[in-house]
Amino acid sequence: MDIGQVWASAAGAVGGCVVGGLAFSVWWHRRLSKARGLIEQLKASRDLLNQQNSQARRQIEQLQLELGELRLIAERVRRRAANTVSPADTLGPPLEPRVASPLVTPVMPMGARAVQGGSAFQPTQHEELDDNSGFAPTQIDRSRGR
């Protein structure tokens, strides 16, 4: 082997090391950039969560203050209501009794039902249609498989 072949093999080895080092450098740079991107993303997420957390704490503090104020107001109203007696004329006019709707079945006391029919149970109109579900005709009976 002469000196030219030694220099060529040494130059090839150095060149191979340089190319290998560049390849390793590119591979390592990609991994580092991915890691940096993940770190930045985690920092941004952490900052957003911290911001939302502090905003939620401020809202909780504000709601607690409002609740305390409302409790004080309710206590004052309760004390006033306990201390004041309203005269009958300040209550307003008496309410008129409501007239029952013609669709409503009149309610009879249990004793009157027992005297009238001999038993405490009186069938209604919707039960006379062989419907023993207990629902009015306008109600939906889910137990029938619908």
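User: Hi! Where is Trp27 in the secondary structure?
Analyst: Hello! Trp27 sits in helix α1, which covers residues 3-83. Helices here are DSSP runs of H or I with at least four residues, strands are runs of E with at least two, and both are numbered from the N terminus. This is a predicted model, where local features need pLDDT of at least 70, side-chain atom pairs count only at pLDDT 80 or more, and totals for chains, interfaces and linings use all residues. Residues are numbered from 1 along each chain as its sequence is written, and side-chain values use heavy atoms, with hydrogens and water left out.

User: Thanks. How many helices and strands does the protein have?
Analyst: The protein has two helices and zero strands.

User: Back to Trp27: what is its relative accessible area?
Analyst: The value for Trp27 is 44%, so Trp27 counts as partly exposed. The classes are buried for under 20% relative accessible area, exposed for over 50%, and partly exposed in between, using a 1.4 Å probe and protein chains only.

User: Nice. How many aromatic pairs are found in the whole structure?
Analyst: A search of the whole structure gives three. One of them is Phe24 with Trp28, which is stacked at 6.2 Å centre to centre with 15 degrees between the planes. Rings of Phe, Tyr and Trp (its six-membered ring) pair if their centres lie within 6.5 Å; planes under 30 degrees apart are stacked, over 60 edge-to-face, and the rest tilted.

User: How many residues apart are Phe24 and Trp28?
Analyst: They are four residues apart in helix α1, about one turn of the helix. Phe24 is partly exposed at 49% relative accessible area, and Trp28 is partly exposed at 41%.

User: And what kind of pair do Trp27 and Trp28 form?
Analyst: Trp27 and Trp28 make a tilted pair, 6.0 Å centre to centre and 45 degrees between the planes. Phe24, Trp27 and Trp28 belong to one aromatic cluster.

User: Switching to charges: how many salt bridges are there?
Analyst: The count is two, where a salt bridge is a side-chain nitrogen of Lys or Arg within 4 Å of a carboxyl oxygen of Asp or Glu. Glu75 meets Arg78 at 2.7 Å, N to O, and Arg79 meets Glu75 at 3.3 Å, N to O. Shared partners join Glu75, Arg78 and Arg79 into one network.

User: Which of the accessibility classes do they fall into?
Analyst: Glu75 is partly exposed at 30%, Arg78 is exposed at 52%, and Arg79 is exposed at 54%.

User: Last one: what share of the protein's residues is buried?
Analyst: Of 146 residues, 2% count as buried. The protein exposes about 13,800 Å², with carbon and sulfur atoms supplying 61% of it.

Definitions and conventions:
Accessible areas come from the Shrake-Rupley method with a 1.4 Å probe; for residues, only the protein chains shown count as cover.
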